[in-house]
Amino acid sequence: MEDAAVEEAEVSGAGEFAPALVAAHPLGNSVAVAVGPELRVFDLKGGCAVSLSDDSGGCSHSDAIRAISFSADGALFASAGDDKLVKIWKTDSWRCIQTITSEKRVSAVAISKDGLYVTFADKFGVIWLVTVGEHGGGQVSSDNKPVSLYGHYCSIITSMKFSPDGRFIATADRDFKIRVTSFPKNPIKGAPEIQSFCLGHTEFVSSIAFTSHSGGSSFLLSGGGDSSVCTYSF
Amino acid sequence: MTRTSGANGGGQQGSGKLPRKRFYRARAHSNPLSDSHFPIPIAPDDVDLSQHYPRYFPADKGEHGDGDGDAEAPRIRFADVGCGFGGLLVGLSPLFPDKLMIGMELRDKVTEYVKERVLALRASNPGQYDNISVVRTNSMKYIPNYFGKAQLSKMFFLFPDPHFKEKNHRRRVISMHLLDEYAYVMEVGGIIYTITDVEELGIWMRTCLEKHPLFQAVPEEEIKVDPVVKLLSSATEEGQKVARNGGQTFQAIFRRISLQEE
């Protein structure tokens, strides 16, 4: 189920401002919007805005949010961006249960299908993985340091999604490429096995999405700066 | 009849004039992070093999020689990453006359030199050297554009840039991340050959290969009988320079394996 879209912020002249981001809870419970550093959540069931609580003292992110994502079941939400922080939220209480520090600014974030891991991509094109803490343990995970999963060499990751069956993770970059990698049972050791490269775009890839097929097979869709949408079976 | 300037290889009798290296000198270092503007194939099927290996893809057969011919169109099977002046390709060509090989080189002038060299060798040795070619490209970013899954049976990394400073280690052409990509374009059983005269880099490359779950060291007995191995240190300009100075070289030769279930 598609859960995120990107809209251009209405700012004149701006190359400096991050585009506003929108994500919908997979079950339709809520909608999250990121505008610059601000994260705003609207509870669709209750028909009211939600106030987010973040025990780390700060109020959400301190710099532009570049990526947001709900987990497949909607229980978790992740946000990350230019403040080099990745925040994991529980969507029932909208409490930030975990904050991870990245060495570099973050351009993409995703939550694994089983809700156990969060992956994020930094500006060098490296994809990192952290384990989602249990009961919202410490806010800043020091013992749970991110491990490097794989990387798109010197490329900015524009979109990152897990396949519906959780077996693969797909990442798209500004150098026209999409890599589909096998997501192992034990990802802490890395994800070295590339399933395929989905090539065809002649410009940066801006967005990817998996389809789910009741028959079991799914396809990957992508859109990019060459004004084309591609479909791949991987 | 031109005198060649130190280029190795067989007898040079014939009409092909070999290019002179002095007109193609370039700095040893090229910045792989700068986006030079050279054409890149969007996908491996877009690589125009008829340009590189005309004898294998005659013009009347259609685009990539694919189609109704009796045999399947040959694909590139060996890649020399950072091929420099082409010494290794020239040495490998007669050893594997039925295998298509390509060199990848970032520097424009050096790529031109290799192109000229291949043309000259083909002219003066009819029927030979048709299976080697060169392409100017950044192999650290674009290898998946040139080669499909499990396409290559050999990959070569001869005397790569050591990138001594720790902050530049991520630019090294052998790294855990890039090995994922090299493993993808190599078939199971394919072999990756690396050599350097810089001990620290030799240790680095060997360690990366040992740690990577998709590569396993090739046993000594096999290395001894592999005809390719002695070319690593003798066929290239860099290798010859090291030998002249009596330097030591460090090899790491590994086989692409399938993922072992734990």
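Me: What does Arg167(A) form with Asp165(A)?
Reply: A salt bridge, with the closest N and O atoms 3.7 Å apart. The term means a side-chain nitrogen of Lys or Arg within 4 Å of a carboxyl oxygen of Asp or Glu. This is a predicted model, where local features need pLDDT of at least 70 and side-chain atom pairs count only at pLDDT 80 or more, while totals for chains, interfaces and linings use all residues. Residues are numbered from 1 along each chain as its sequence is written, chains are lettered from A and ligands numbered from 1 in the order in which they are written, and side-chain values use heavy atoms, leaving out hydrogens and water.

Me: How many salt bridges are there over all chains?
Reply: The count comes to 14. Side chains of opposite charge can pair when their charged atoms come close.

Me: And what does Asp165(A) count as in terms of accessibility?
Reply: Partly exposed, at 45% relative accessibility. Buried means under 20% relative accessible area, exposed means over 50%, and partly exposed is in between (1.4 Å probe, protein chains only).

Me: Which side chain does Lys141(B) meet in a salt bridge?
Reply: That of Asp175(A), at 3.5 Å from N to O. Lys141(B) sits in helix H4 (residues 139-146) of chain B and Asp175(A) in the loop between strand E16 (168-173) and strand E17 (178-182) of chain A, so this pair joins two chains. Helices (H or I, at least four residues) and strands (E, at least two) are DSSP runs, numbered from the N terminus.

Me: Are those two buried or exposed?
Reply: Lys141(B) and Asp175(A) are both buried.

Me: How many salt bridges cross the interface of chain B and chain A?
Reply: Two. Arg179(A) also forms a salt bridge with Asp180(B), and there the closest N and O atoms are 3.1 Å apart.

Me: What else can you tell me about that interface?
Reply: Chain B and chain A bury about 2000 Å² between them, 60% of it on carbon and sulfur atoms. Buried area is the accessible area (1.4 Å probe) that two parts lose on being put together, summed over both. The contact takes 22 residues from chain B and 23 residues from chain A, where contact means heavy atoms within 4.5 Å.

Me: Back to H4(B). How many of its residues are buried?
Reply: Eight of the eight, so H4(B) is largely enclosed by the rest of the structure. Those buried residues pack against strand E18 (194-198) of chain A, together with E1, E2, strand E3 (132-136), E4 and H5 of chain B.

Me: Which residue caps the N-terminal end of H4(B)?
Reply: Asn138(B), with a side-chain oxygen 3.0 Å from the backbone nitrogen of Met140(B).

Me: New topic: which strands does E1(B) pair with?
Reply: E1(B) pairs in the parallel sense with strand E2 (residues 100-105) of chain B over five bridges. E1(B) also runs parallel to strand E4 (residues 152-158) of chain B, joined by three bridges. Two strands pair if DSSP finds at least two bridges between them.

Me: Which residues stand opposite Ala79(B)?
Reply: Ile102(B) in E2(B) and Met155(B) in E4(B).

Me: Is E1(B) mostly covered or mostly open?
Reply: Mostly covered, with five of its six residues buried.

Me: Which salt bridge does Arg77(B) make?
Reply: The side chain of Arg77(B) meets that of Glu187(B), at 3.2 Å from N to O. Glu187(B) is in strand E5 (residues 186-196) of chain B and Arg77(B) in strand E1 (residues 76-81) of chain B, so the pair ties together parts that are 110 residues apart in sequence. Glu187(B) is partly exposed at 24% relative accessible area, and Arg77(B) is partly exposed at 23%.

Me: Last one: where does Thr171(A) lie?
Reply: In strand E16 of chain A. Thr171(A) is buried, with a relative accessible area of 0%. Its side chain makes a polar contact with the side chain of His152(A) at 2.7 Å. A polar contact is a pair of N or O atoms within 3.5 Å; within protein, one must be able to donate a hydrogen and the other to accept it, and residues adjacent in sequence count only if both atoms are side-chain atoms.
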